[in-house]
Amino acid sequence: MSVAYLFPGQGAQIPGFLKRLPQHPGIADTLREARGVLNMDIDALDGIEALHSTVNVQLGLLIGGVAVTRALALEGMSADAAAGLSVGAFGAAVACGSLSFADALSLVKLRAESMQDLYPRGFGMAAITGLDERRIGAILSQVGGAAAQVFIANINAPTQVVIAGADAALEAALQLARESGARHVQRMMVSVPSHSPLLDAVSQRLAQAIAKIDIGAPHIPYISNRRARAVRDAAGVREDLALNVSNPVRWHDSMTVLYELGIRLFVEMPPGRVLTDLAQQNFPEARAIAADDAHLKSILSSYQRVMR
């Protein structure tokens, strides 16, 4: 194995990220298909005000990621594995051949609407850098843990952890993290408590919808959010897509699995470069490229060098 596609999650969005996608027939066709399936103006999904909507953000991330993978495919590039953080898992499932783009759009719309309806305000997520999972778990216990509605949501790196929950509990946890020596703490551009038990109802709705959709075995390994394992069967993909929204994402473990499978080129789909930076920091012997920063020709050139 050599190449993995990575799909970012909510929080990576920046205004205009869809408008910055390269001019390419594969991208144009993907945008056209999305318009037809959703019956909505997708050109407005990435506006400054539009990005306050969980629905717009999650749909935009899926569309942008799939569009670039299709453009690369038309230029002769393919991946050996795929992983997506949070909602990025749906783009990964499309890239793996398990899920159609049309079905992914419908599922992501349901997912995002359910999340937004359940927690329209008063909740969110925050990132803490410089403390490990054990120390942050202790901080959350001090704040009140589940009773205070605050949970560990993502383990992105050994000392980069995301927490999710109620605003008051998040602010209290961030203050304790600062006092404990965290290098950096930051509220994220996410208005829902993703990857926590607070979203169990969303997982249930998704599971019911996914049960009615044709999901196939992945053509290449799909790396699960919840278990951080290479999934090679349809049942595993189905379970991960339904349950990742209400369970912590073990992203660092997922990337370790990819590296151990032989991945040496990580290509992050737009927007942003958060996953690229994490890969470079934790796996210096591999190369990581953010499609947001690189021309398609540059990505293809890196791919050709890896495949020699």
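**From a buried helix to the pockets**

In this predicted model, helix α8, which spans residues 234–243, has Ala 234, Gly 236, Val 237, Asp 240, Leu 241 and Ala 242 among its buried residues. An α-helix has 3.6 residues a turn, so residues three or four places apart point the same way. The cover over the buried residues of α8 includes α3 (88–95) and α7 (200–210), together with the strands β7 (222–223) and β8 (230–231). At the start of the helix, a side-chain oxygen of Asp 233 comes to within 3.3 Å of the backbone nitrogen of Ala 235.

In soluble globular proteins, nonpolar side chains tend to be buried together.

Asn 156 leads on from this second set of residues. Asn 156 lies in strand β4 and counts as buried because its relative accessibility is 6%, where the cut-off for buried is under 20%. Not counting residues up to four places away in sequence, Asn 156 touches Leu 85 and Trp 251, and also Val 162, His 252 and Leu 278.

The largest pocket has a volume of about 560 Å³. Of the 31 residues that line this pocket, Asn 156 is one of those closest to its centre, along with Ala 127, Gln 160, Met 188 and Val 274. Two or more lining residues come from each of α4 (101–118), β3 (123–129), β4 (150–157), β5 (160–166), β6 (184–187) and α10 (274–282), and α10 gives the most, with five residues. The lining of the largest pocket divides into 13 nonpolar, 14 polar and four charged residues.

The second largest pocket has a volume of about 200 Å³. Its lining is made of 13 residues, with Gln 13, Ile 48, Leu 51, His 52 and Met 189 lying nearest its centre. In this lining there are seven nonpolar and six polar residues, and no charged ones.

Terms used
Residues numbered from 1 in each chain as written. Predicted model: local features only at pLDDT ≥ 70, side-chain atom pairs only at ≥ 80, totals over all residues. Heavy atoms only, no water. 1 Å grid on protein atoms, 1.4 Å probe; cavity = no way out; pocket = protein on both sides within 12 Å on 5 of 7 lines; lining within 4 Å. Points joined across faces, edges and corners; volume = space filled by probe spheres on them. Helix = DSSP H or I, 4+ residues; strand = E, 2+ residues; numbered from the N terminus. Nonpolar A, V, L, I, M, F, W, Y, C, P; charged D, E, K, R; others polar. Buried < 20%, exposed > 50% of the residue type's maximum accessible area, 1.4 Å probe, protein only. Contact = heavy atoms within 4.5 Å. Polar contact = N/O pair within 3.5 Å; in protein donor to acceptor, adjacent residues only side chain to side chain.
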